[in-house]
Amino acid sequence: MRKRYDSNLQHTPSYQQEGVDPPEAGCYSVILFDNKEAACIIRDTHVSIVPFNQVSERHAYLESEDT
């Protein structure tokens, strides 16, 4: 399964506060279950950070859980 769009409102400000670089295209991340066991590895292919009020209707639709 391939998820094409995602949004993360919670963590965007924390990049600035914690001095951590946001993800870049080509970066890998390990996704964990609640028990901290690895669920999968993902690779970001495209990253863009935009204000919430500038998220496109298409992105919002594709990011939804029902698509």
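Me: Why does glycine 26 count as partly exposed?
Reply: Glycine 26 has 35% relative accessibility. Buried means under 20% relative accessible area, exposed over 50%, and partly exposed in between (1.4 Å probe, protein chains only). The value of 35% therefore makes glycine 26 partly exposed. This is a predicted model, in which local features need pLDDT of at least 70, side-chain atom pairs count only at pLDDT 80 or more, and totals for chains, interfaces and linings use all residues. Residues are numbered from 1 along each chain as its sequence is written, and side-chain values use heavy atoms, with hydrogens and water left out.

Me: What is the confidence of the protein chain, by mean pLDDT?
Reply: The mean pLDDT is 79, and 75% of the residues reach 70 or more; pLDDT is the predictor's confidence in each residue, from 0 to 100.

Me: What makes up the protein chain in terms of helices and strands?
Reply: There are 2 helices and 2 strands, in the order α-β-β-α from the N terminus. These elements are DSSP runs, numbered from the N terminus: helices are H or I with at least four residues, strands are E with at least two. Glycine 26 lies in the loop between helix 1 and strand 1.

Me: What makes strand 1 and strand 2 a pair?
Reply: Two strands pair if DSSP finds at least two bridges between them. Here 5 bridges join strand 1 to strand 2, so the two strands pair, and they run antiparallel. Valine 30 stands opposite isoleucine 41 of strand 2. The hairpin has 5 residues between the strands, and the loop there includes lysine 36. Lysine 36 has a positive phi of about 75° although it is not a glycine.

Me: Why is lysine 36 called exposed?
Reply: Its relative accessibility is 63%, so by the cut-off for exposed residues lysine 36 qualifies.

Me: Which residues form the nonpolar patch on the surface?
Reply: Tyr28, Val30, Leu32 and Ile41 form the patch, with about 450 Å² of accessible area together. Patch residues have over 30% relative accessible area and no salt bridge; like charges are joined within 9 Å and nonpolar side chains (Val, Leu, Ile, Met, Phe, Trp, Tyr) within 5 Å. A salt bridge is a side-chain nitrogen of Lys or Arg within 4 Å of a carboxyl oxygen of Asp or Glu. Areas come from the Shrake-Rupley method with a 1.4 Å probe, and for residues only the protein chains shown count as cover. Strand 1 (residues 28-32) gives the largest share, 3 residues, while isoleucine 41 is in strand 2. At 61% relative accessibility, isoleucine 41 counts as exposed.

Me: How many disulfides does the structure hold?
Reply: The structure holds 0 disulfides; a disulfide is a pair of cysteine sulfur atoms within 2.5 Å. Cysteine 27, at 30% relative accessibility, counts as partly exposed, and cysteine 40, at 37%, counts as partly exposed.

Me: Why is histidine 46 exposed, and where is its place?
Reply: Histidine 46 is exposed because its relative accessible area is 62%. Its place is in the loop between strand 2 and helix 2 (57-63). The C-alpha atoms of histidine 46 and glycine 26 are separated by 7.8 Å, with the two residues 20 apart along the chain. For glycine 26 and threonine 45, 19 residues apart along the chain, the C-alpha separation is 5.6 Å.
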